[in-house]
Amino acid sequence: MTTLLYSHPACEDHIPNIGHPEAPVRLNAIREALSAAEFDALDRREAPKASVEQIARAHPQDYVESILAAVPESGERHLDGDTVMTPGTGDAILRGSGAVCAAVDAVLAGEAKNAFCAMRPPGHHAEPRTPMGFCFFNQIAVGADHARAAHGLRRVAIVDFDVHHGNGTQAIFYDRNDVLTISLHGDPDLVFPHFLGFEDETGEGAGEGYNLNMVYPPNTPYSVWSQGLEKACERIQSFQPDALVVALGVDTFEEDPISFFKLTSGDYLTLGQRLARLGLPTVFTMEGGYDVDAIGVNAVNVMQGFDQAAG
């Protein structure tokens, strides 16, 4: 397996209240799946901290500074009903964005065809000035803007496979035409975040809109969902980006406790294979996935599928 892996123990130190679905055990399950002998040769790298300047490409600097200043010295601080800070949150979210930036650097330098950021908390719900849905900084957007600013890429594509719409990513890039944003997700009338993610939201960038939402009802199987995947890949190809950033949510799994899609573990292998055939430098970063017994297998299957098809 030639995937580069970025992670850091600090991501286990962000510890929301007992019973919160976005818990450290999610990351532990991925690491356990990668502890098998077949992954002994995996290139494992420590995620660095992002700088304020890197994050401020996607969020206003005063917002970035206010989030870091809000990290409590003890106990918990609730930014909303679901988005909770603990003393380890600041380091975790800096390393989450840092991982994606470092992964972008590595794949664009030709060190690997793809990289996987096994980090938490997730980021795709974080809007320019608003944390929500377990998310503080939108590391997907940070990585895409890093690719543009630090490497001079002309265009970057983002595709989000989480069952919940990547509202933050959409909001950050909605009026731009240098970043294509695509999200396959559950009906916003039925699942968080409820207020964004409808198919008529096509973006306001110059010319053709550069935002694509594909909405699916409960119990959607891979045979239907994959039609959206194919449409996403076709749109990416026509956009002709220089790199791809993937918000990898595996809460589309059939047994996920807070989801309602019906993808199986084997489907994630096929997903990775299809993305590899795009032939783009690709960075994956972990988003949702709350079936602890399956999250590791499902995430690793995407990486293995990608490696198999990339050759």
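Visitor: What makes E9, H8 and E10 a β-α-β unit, and of which hand?
Guide: In this predicted model, strand E9, helix H8 and strand E10 make a right-handed β-α-β unit. The hand is called right because, with the strands pointing away from the viewer, the path from the first strand over the helix to the second runs clockwise.

Visitor: How do you know that E9 and E10 pair?
Guide: Two strands pair if there are at least two bridges between them. Five bridges join E9 to E10 (residues 282-286), and the two run parallel. Leucine 244 stands opposite threonine 282 in E10.

Visitor: Which sense does the pairing of E6 and E9 have?
Guide: E6 (residues 156-160) and E9 pair in the parallel sense, over five bridges. Here aspartate 160 stands opposite alanine 247 in E9.

Visitor: Why is E9 called largely enclosed?
Guide: Buried means under 20% relative accessible area. Six of the six residues of E9 (residues 243-248) are buried, so the strand is largely enclosed by the rest of the structure. Ala243, Val245 and Ala247 cover one side, and Leu244, Val246 and Leu248 the other.

Visitor: How is the packing of H8 and H9 described?
Guide: Two packed helices are described by the angle and the distance between their axes. The axes of H8 (residues 265-276) and H9 (residues 295-310) come within 6 Å and cross at roughly 35 degrees. The crossing of H8 and H9 is right-handed. Residues making the contact include Tyr268 and Leu269 of H8 and Val302 and Phe306 of H9.

Visitor: What classes of residue make up the contact of H8 with H9?
Guide: The contact of H8 with H9 has ten nonpolar, nine polar and no charged residues.

Notes: Residues are numbered from 1 along each chain as its sequence is written. This is a predicted model: local features need pLDDT of at least 70, side-chain atom pairs count only at pLDDT 80 or more; totals for chains, interfaces and linings use all residues. Side-chain values use heavy atoms; hydrogens and water are left out. Axes are lines fitted to C-alpha atoms, for helices over the stretch in contact, and angles run from 0 to 180 degrees between N-to-C directions. Helices (H or I, at least four residues) and strands (E, at least two) are DSSP runs, numbered from the N terminus. A crossing is left-handed if the near helix is turned anticlockwise from the far one by less than a right angle, and right-handed if clockwise. Contact means heavy atoms within 4.5 Å. Ala, Val, Leu, Ile, Met, Phe, Trp, Tyr, Cys and Pro count as nonpolar, Asp, Glu, Lys and Arg as charged, and the others, Gly among them, as polar. Buried means under 20% relative accessible area, exposed over 50%, partly exposed in between (1.4 Å probe, protein chains only).
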